[in-house]
Amino acid sequence: MTDIPISNILFVSTALFFIGMYGLFTRRNMITMLMSIELILNSVNINFVVFNKYLYPDKLDGIFFTIFIITIAAAEAAVAIAIIINLYRSHRSIDVETAEEMKY
Amino acid sequence: MTASQIIFYILSAFILGTAILSVTTTKIFRSAIWLLFSLIGIAGLYFWLEVEFIAAVQIVVYVGGIVVLIIFSIFLTQQSGKEMPKPPMLRSIASVLAVLLGFALTYFLIYKNDFQAGDKSFDWSVNKIGNQMLATGENGYALPFEVVSILLLAAMVGCIVIAIKAPAGVSSTETKEQKQTNIENLKEKEIVEGL
C-alpha cells in the first residue's frame, strides 16, 4: 500500500476541493451549488481518512470525524432542500439572484 | 507498476473527471448523475484504502440518501431537460484563475511538506469503532454522538416546519403586493355590488 506516496492521494482530494470551489463560483442554481458543497465535504473526508491511516495508524479519530461529517452533511442537505422547495413555492425560481429578499 | 497503483490512478481519474463534468454540464439532471458517479468513485477509493466501513457508510448515506434527495428536489422544482444558462465568460475565467491559483498554492504546501508513512498497519474494526464511539472516558466520543443525535432531531423537526404547507387562506405563492392588490380588487367589487 505504501507504493503510492501520500502526496498523490492528497493531490486527488485537493483537486476535488477546488473543483467544488469552481462549481460554487460559477453556478447560480441552488441545487447545483449544494452539489458543489457535497464535493467539498467529500474531499475533506478523504483527507481525514488518509491522514489517520498513514500518519496515526494506532488512533481512530479521523474515522470518527469522517463519520460525523457524513452525518452532518446528510442533515444539512435535508434542511437545504426543504428551504429550496419552500423558496420555489414562493418565487417560482431557485436562482440565487432572484432570492434577494427573504421576507415573504 | 503494481496493480494497486494502476487501480489508484484509474480511480483518481474517474473521480476527478466525473466531478469536473458535474460542475460544468449545463443540464441539471446530468449534473446530479455525474455527482452520483463521483461519489461512487470516492467509495471505491475508501475500499482501496482498506477502510471498508467508511466506504459502506459513504454508499449508504451519500449514494442512497443525499443523491436521491437531490434528484427528487430537481424533479420537484424544474424540468429536467431544461438547459441552465452558461455562466458569463468573465466569471468563468476569473473562477478558473482563482481556483488554479488556490490549487497551486495548496499543492505546493503539501508537496513541500514531506509526509512519512509509518510502518505500522492501520488496525480498525467495527468493534473498536463502536466501543470508542460510546465510551465516556478518555478518547471517548459519547458527547459528540449525543450532540449529533440532537442535531439530527432538530434538522428533522426543522425540515417539517419549513416544508409544511401554509394553512388555507394564507397562500404562500402570493407576494405581499399581490395580496394587497387582491384585497383592493375585492373592496372595489364590494363597492360596485353595494351600489
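The structure is a predicted model.

- Chain A contributes 74 residues to the contact, while chain B contributes 83 residues.
- Eleven residue pairs are in polar contact across the interface of chain A and chain B, with both residues of each pair at pLDDT 80 or more.
- On the side of chain A that touches chain B, two or more residues come from each of helix 1 (6-26), helix 2 (30-54) and helix 3 (61-91) of chain A.
- Helix 3 of chain A gives the most to this side, namely 24 residues.
- By class, the residues on the side of chain A that touches chain B comprise 47 nonpolar, 16 polar and eleven charged.

**Salt bridges**

- Over all chains, the whole structure holds two salt bridges.
- Between chain A and chain B the count is one salt bridge.
- This salt bridge joins the side chains of A:Asp58 and B:Lys120, with a distance of 3.7 Å from N to O.
- The pair counts as a salt bridge because its 3.7 Å distance is within the cut-off of 4 Å between a side-chain nitrogen of Lys or Arg and a carboxyl oxygen of Asp or Glu.

**The cavity**

- In the whole structure, a search finds one cavity of 30 Å³ or more.
- The largest cavity has a volume of about 40 Å³.
- From chain A, the lining of the largest cavity includes A:Arg27, A:Thr32, A:Met35, A:Ser36 and A:Leu39.
- From chain B, the lining of the largest cavity includes B:Ser22, B:Val23 and B:Ser31.
- Helix 2 of chain A and helix 1 (3-24) of chain B each supply at least two residues of this lining.
- Helix 2 of chain A gives the most to the lining, with four residues.
- The lining of the largest cavity divides by class into three nonpolar, four polar and one charged residues.

Terms used
Residues numbered from 1 in each chain as written. Chains lettered and ligands numbered in written order. Predicted model: local features only at pLDDT ≥ 70, side-chain atom pairs only at ≥ 80, totals over all residues. Heavy atoms only, no water. Contact = heavy atoms within 4.5 Å. Polar contact = N/O pair within 3.5 Å; in protein donor to acceptor, adjacent residues only side chain to side chain. Nonpolar A, V, L, I, M, F, W, Y, C, P; charged D, E, K, R; others polar. 1 Å grid on protein atoms, 1.4 Å probe; cavity = no way out; pocket = protein on both sides within 12 Å on 5 of 7 lines; lining within 4 Å. Points joined across faces, edges and corners; volume = space filled by probe spheres on them.
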